[in-house]
Amino acid sequence: MPLTAADSPDDRRATRARWARRLVWALVLGLGLAVLSWYRSPSFMLHLADRLWSCW
């Protein structure tokens, strides 16, 4: 089976890099949404602030 241009190692590497970049962006977006959802919960933020200030 002959190799085509789509099967070249450079193309596969570029495809992997694109997927890795998409995965990183998805994780960043998910983390950002999680932080925003925590800010919508005042009791959680108060609990977090109390824990933070209890360290000092």
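These legends describe close-up views of a predicted model. Local features need pLDDT of at least 70, side-chain atom pairs count only at pLDDT 80 or more, and totals for chains, interfaces and linings use all residues. Residues are numbered from 1 along each chain as its sequence is written, and side-chain values use heavy atoms, without hydrogens or water.

**View 1. The two helices of the protein.** The protein has two helices and zero strands (DSSP runs: H or I of at least four residues, E of at least two, numbered from the N terminus). α1 covers 9–39 and α2 covers 42–54. Of the 56 residues, 0% are buried (under 20% relative accessible area; exposed is over 50%, partly exposed in between; 1.4 Å probe, protein chains only).

**View 2. The nonpolar patch on the surface.** L31, V35, W38, Y39, F44 and L48 form this patch. Together they have about 590 Å² of accessible area. α1 gives the largest share, four residues. L31 lies in α1 and is exposed, at 55% relative accessible area.

**View 3. The aromatic pair W38 and F44.** The structure holds one such pair (ring centres within 6.5 Å; planes under 30 degrees apart are stacked, over 60 edge-to-face, the rest tilted). Its ring centres are 5.4 Å apart and its planes meet at 35°, so the pair is tilted. W38 is partly exposed at 42%. F44 is partly exposed at 30%.

**View 4. R22 over the face of W19.** R22 lies 5.0 Å from the ring centre (cut-offs: NZ of Lys or CZ of Arg within 6 Å of the centre and within 35 degrees of the ring normal).

Key:
Phe/Tyr/Trp six-rings, centres within 6.5 Å; stacked < 30°, edge-to-face > 60°. Patch = residues over 30% accessible without salt bridge, like charges linked within 9 Å, V, L, I, M, F, W, Y side chains within 5 Å. Areas by Shrake-Rupley, 256 points an atom, 1.4 Å probe, with all protein chains shown as cover. Salt bridge = Lys/Arg side-chain N within 4 Å of Asp/Glu carboxyl O.
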